[in-house]
Amino acid sequence: MKLFPFLSLLGGTVLLAATVPAHAEGMQWYAGGSLGATSVDNFDAASDVSPDEIIDLLESELGLPVTVDNLRTGSDDSDTGWKIFGGLNFNAYVGVEVFYVNLGEALQSLAVDASALISVGNEPSGSVDAKAEAEVDAFGAAVVGRLPLSEPFSLFGKVGMTAWDADLNISASFSGSASGLPITASDSLSDSDDGTDIMFGAGASWQFSEAWRLRAEWERFAIDDADVDLWSAGIVYVF
């Protein structure tokens, strides 16, 4: 994992916060949590897991060479995401924030029409159902800029870095028949990846009491070659 950019930003954030006097006018510490929906762009499991690799899984179970006749793909690129966060507003306009975010799970399915030829000449045929699931979470830090509109309302934007971790699970199953007899096989494999990437976002805040605020925001997280959007609403407590 290339953590240097993330650790540099996190270290700078901590040092910057430490230099602010505890009694500084306008300084506010806060913490909160948000829940929302995620969507993934450019998640393409088939680019990393080819049909040949899916078939290799099944050949190891069947002990037979398998040929692909047709490939159909589908995807479910939305899920529920959530995060917890804490930060420091140096004044009404600038602050820093650290967070943990769970970006949910993206799913890509691969449906394959396949046949397998065995040595005695029988040809079992059927279909292969496969799917690739990726679940992502991340730790991050961001610089936050705010634009007060009126006493209870403000807009904000942020840019930062995340250290993310992705767990990938690939499963495949063959269902068919030969000479009137059913043939089934299944197998799976797991993998993981991690890295550091940028994030950015924007939102609005409403202060409905002295210590509590509601927040609505959109954030985009770069996860390797994919982009994950999180639309969320949350609550913030100001210390």
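**Fold and cavity**

Reply: The protein chain holds three helices and nine strands; helices (H or I, at least four residues) and strands (E, at least two) are DSSP runs, numbered from the N terminus. This is a predicted model: local features need pLDDT of at least 70, side-chain atom pairs count only at pLDDT 80 or more, and totals for chains, interfaces and linings use all residues. Residues are numbered from 1 along each chain as its sequence is written, and side-chain values use heavy atoms, with hydrogens and water left out.

Me: Which pattern does the protein chain follow along the sequence?

Reply: The chain has three helices and nine strands. Read along the sequence, their pattern is α-β-α-α-β-β-β-β-β-β-β-β.

Me: What share of the residues in the protein chain is buried?

Reply: Buried means under 20% relative accessible area (1.4 Å probe, protein chains only). The protein chain has 239 residues, and the buried share is 40%.

Me: What share of the contacts with a separation of 6 or more joins residues 24 or more positions apart?

Reply: Contact means heavy atoms within 4.5 Å. Among contacts in the protein chain with a separation of 6 or more, residues 24 or more positions apart account for 71%.

Me: Which elements give two or more residues to the lining of the largest cavity?

Reply: A cavity is a set of points on a 1 Å grid over the protein atoms alone where a 1.4 Å probe fits but cannot get out; lining residues have an atom within 4 Å of a point. Tyr30, Arg146 and Phe156 are among the lining residues of the largest cavity. The elements asked for are E6 and strand E8 (212-223).

Key:
Buried means under 20% relative accessible area, exposed over 50%, partly exposed in between (1.4 Å probe, protein chains only). On a 1 Å grid over the protein atoms alone, a cavity is a set of points where a 1.4 Å probe fits but cannot get out, and a pocket is an open set with protein on both sides within 12 Å along at least five of seven lines; lining residues have an atom within 4 Å of a point.
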